[in-house]
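Look at the model with its charged side chains in mind. Follow the salt bridges from helix to helix, then step back to the domains.

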Amino acid sequence: MTLQAVTVDVLDPTPPYEQLRRQLADLVGSGVLAPGDRLPPVRQLAADLGLAPGTVARTYRELEGAGYVRSRRGGGTRVAPHPPAAATPALALEEAAAAYLERARVLGIGTDEALAVVQRQASR
């Protein structure tokens, strides 16, 4: 299986494992990845995304801890039979807003200025 929609933004202040975890959780929650679907092996996904294998392994551990996937030695990592429900649109928007404000902070842009940028974009 290839996950062509999954990307890692090196300019994003969010750690790569968290970017990957969030995208895979969204794919599972939205049904794009169905229960029983096998995720790519750690080394393959790491090579595809240009990440260290440990980064992908951490992502898989985080997903397993949250109930999205199950890993079995020799059997790979598969989507769990009953993964958590998809995030609500409101929760997804909250997470996106938090990520935006964190990125603005890393760029040295204050909250007021970041909010002004959103207002300008909304008024277009």
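R58 and E62 form a salt bridge, with 3.8 Å between the closest N and O atoms. This is a predicted model. Both residues sit in helix α3 (residues 53-65). They are 4 residues apart, about one turn of the helix. R58 is partly exposed at 35% relative accessibility. E62 is also partly exposed, at 33%.

Now move to helix α1 (residues 16-29), where E18 is found. R22 forms a salt bridge with E18, the closest N and O atoms being 3.9 Å apart. The two are 4 residues apart in helix α1, so about one helical turn separates them. R22 counts as partly exposed at 25%. E18 has a relative accessible area of 17%; the cut-off for buried is under 20%, so E18 counts as buried. The side chain of E18 also makes a polar contact with the side chain of R21, at 2.7 Å. E18, R21 and R22 are linked in a network of salt bridges.

Helix α4 (residues 89-106) holds another pair, R105 and E102. Their side chains meet in a salt bridge at 2.5 Å, N to O. They are 3 residues apart, about one helical turn. R105 is exposed at 53%, while E102 is partly exposed at 31%. The whole structure has 5 salt bridges.

Step back to the domains. The domain assignment gives domain 1 (16-79) and domain 2 (89-123). Their centres, taken over C-alpha atoms, are 28 Å apart. An unreviewed UniProt entry annotates residues 14-82 as "domain: HTH gntR-type". That span is 51% helix and 12% strand.

Definitions and conventions
Residues numbered from 1 in each chain as written. Predicted model: local features only at pLDDT ≥ 70, side-chain atom pairs only at ≥ 80, totals over all residues. Heavy atoms only, no water. UniProt positions renumbered as here; feature names shortened; annotations may be inferred. Domains from an automatic or database assignment. Polar contact = N/O pair within 3.5 Å; in protein donor to acceptor, adjacent residues only side chain to side chain. Salt bridge = Lys/Arg side-chain N within 4 Å of Asp/Glu carboxyl O. Buried < 20%, exposed > 50% of the residue type's maximum accessible area, 1.4 Å probe, protein only.
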